[in-house]
Amino acid sequence: MLLSINTKTLFAERQRTERLNTFGIDERALQDILFRSLDRLFPDDELILLMQSQYWQEEPDLMAVDKEGKLYIFELKIWESRPSNLLQVLRYGQIFGNAKYSDLNALYEKSITKTQSLKESHDVKFGVNLAAEHFNQRQVFVVITNGLDYKTREAIQYWRSCGLDVRPWVYRVYRGKNEDEFLLEISTFRVQDNPYEDLAEGYYILNTNFGNSARDHEDMLHNGKASAYFTHKFKIERLAKGDTVFLYKSRTGIVAFGKADGNLQMAPYHGQAEYEGEEYFMKLQQFQTVSPSLSASEIKDITGIPYSFMHTLFGLDADSGRGIEQHIHNNPQV
């Protein structure tokens, strides 16, 4: 729901939602928009992305696994008011419901990166040693739909009442300030609510990817930069000139920080031609290392917020960011 508030009368008026064709936009165009914004919509602290579809391929739009090994199947081919959206994602459940770990790992290594297996990445991210046979014991079906599409939402309610784990991912469209603009309301898909996901006031914590690749970590520290790779690379686009970025080493803490120079750069992953453009980075000005490192528990003590450090990149409120910076400056570095 979007409310328009008159600051003088404090009167709240609910804005009317629209369908895409009101603005001359079709579902394919919106799908493109969502895919380009996937780094903001996909919860990389809760799910590991297995694959993202290519156009015209007979496969789910997204598939992912959670800490318990559950398989999430996303259907983003969002033809409005067509319950067949739901039938499509359930059909993928038939296809992939019996997939073994080896099948999921093959998808992961083909679509994402060949530097680690799915199990290795899963162990690092979630800190658990999940046996291969425990992957894909259960499935979750996610269907994106317009808030006005009551037929699809009714069908989802029915199947949930039958014990099938089907979840709607609702978007809403509103008129913008002019005819060349419309407003899109959609929340990050979450397994569980994260009350800190919207915090971003010029301070960020970036995981240096040490758990997956010590080489990535060393490259950031040696060259004083903030980097992300492959499916996570677009997160670097969030940084603006002057933002403070704390580099966080898994299971260690904040090991360095600096201010983003605002110049987004792209490069092959560690110079490998086959991974052209798979690293996005910004140089960090006034760069300095932090020794001893500032641990996760110390960060929580300083900020009073129990952050999840499994994100690739997440924002801090200004008070928390300044508090961390002040703590570092007030404690002599070795």
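Is Phe-230 buried or exposed, and at what relative accessibility? I started my notes there. Phe-230 has 11% relative accessibility, under the 20% limit, so I put it down as buried. A reminder to myself: this is a predicted model.

**Entry 1: overall picture**

I zoomed out next. I found nine helices and 15 strands in the protein. The C-alpha trace spans about 65 × 60 × 40 Å along the principal axes. I then checked the radius of gyration, which comes to 21 Å; a compact globule of 334 residues would have one near 20 Å, so the two agree. Buried residues account for 48% of the 334 residues. I also looked at contacts between residues at least 6 apart in sequence, and 62% of these join residues at least 24 apart.

Asn-209 sits in the loop between E9 and H7.

Which peptide bond did I list as cis? The one from Ser-291 to Pro-292, with omega near 5 degrees. Pro-292 belongs to strand E14, residues 279-294. I kept these entries because most residues other than glycine have a negative phi, and most peptide bonds are trans.

**Entry 2: the second largest pocket**

I looked up the volume of the second largest pocket and got about 760 Å³. The pocket is lined by 36 residues, and Asn-209 turns up again here: Val-124, Lys-125, Asn-207, Asn-209 and Asn-212 are the closest to the centre. The elements that give two or more residues to the lining are strand E3 (48-52), helix H5 (118-126), strand E9 (203-207), helix H7 (214-223) and strand E10 (225-229).

Which element gives the most to this lining? It is H5, with four residues. By residue class, I read the lining as 16 nonpolar, 16 polar and four charged.

**Entry 3: Ser-121 on H5**

I picked a residue of helix H5 to follow, Ser-121. Its relative accessibility is 7%, so Ser-121 counts as buried. Leaving out residues up to four places away in sequence, I found that Ser-121 touches Ile-48, Tyr-108, Gln-116 and Asn-212.

**Entry 4: nonpolar cores**

How many residues does the largest nonpolar core have? I got 25, and the residues with the most contacts inside this core are Leu-50, Leu-71, Leu-86, Leu-104 and Leu-118. Elements giving two or more residues to the core are E3, strand E4 (62-65), strand E5 (71-75), helix H3 (84-96), helix H4 (101-111), H5, strand E6 (139-146) and helix H6 (150-161). H3 gives the most, with five residues.

Apart from neighbours within four places in sequence, Leu-118 is in contact with Ile-48, Leu-50, Val-65, Tyr-101, Leu-104, Asn-105, Tyr-108 and Phe-135. There is also a second, separate core of 23 residues, and I noted Leu-47, Tyr-72, Val-140 and Val-142 as included in it.

Val-245 lies in strand E11. With a relative accessible area of 0%, Val-245 is buried. Beyond four places in sequence, its contacts are Tyr-204, Leu-206, Ala-226, Leu-239, Ala-256, Phe-257, Gly-258 and Leu-284. I also took the C-alpha distance from Val-245 to Lys-125, 120 residues apart along the chain, and got 21 Å.

Leu-183, in strand E8 (residues 182-186), was my last stop. At 36% relative accessibility, Leu-183 counts as partly exposed. Glu-18 is 165 residues from Leu-183 in sequence, and their C-alpha atoms are 9.9 Å apart in space.

Methods. Residues are numbered from 1 along each chain as its sequence is written. This is a predicted model: local features need pLDDT of at least 70, side-chain atom pairs count only at pLDDT 80 or more; totals for chains, interfaces and linings use all residues. Side-chain values use heavy atoms; hydrogens and water are left out. On a 1 Å grid over the protein atoms alone, a cavity is a set of points where a 1.4 Å probe fits but cannot get out, and a pocket is an open set with protein on both sides within 12 Å along at least five of seven lines; lining residues have an atom within 4 Å of a point. Grid points are joined across faces, edges and corners, and a volume is the space filled by probe spheres set on the points. Ala, Val, Leu, Ile, Met, Phe, Trp, Tyr, Cys and Pro count as nonpolar, Asp, Glu, Lys and Arg as charged, and the others, Gly among them, as polar. A nonpolar core is a set of buried Ala, Val, Leu, Ile, Met, Phe, Trp, Tyr and Cys residues joined through side-chain atoms within 4.5 Å. Buried means under 20% relative accessible area, exposed over 50%, partly exposed in between (1.4 Å probe, protein chains only). Contact means heavy atoms within 4.5 Å. The radius of gyration is taken over C-alpha atoms; the globule rule is 2.2 Å times the number of residues to the power 0.38.
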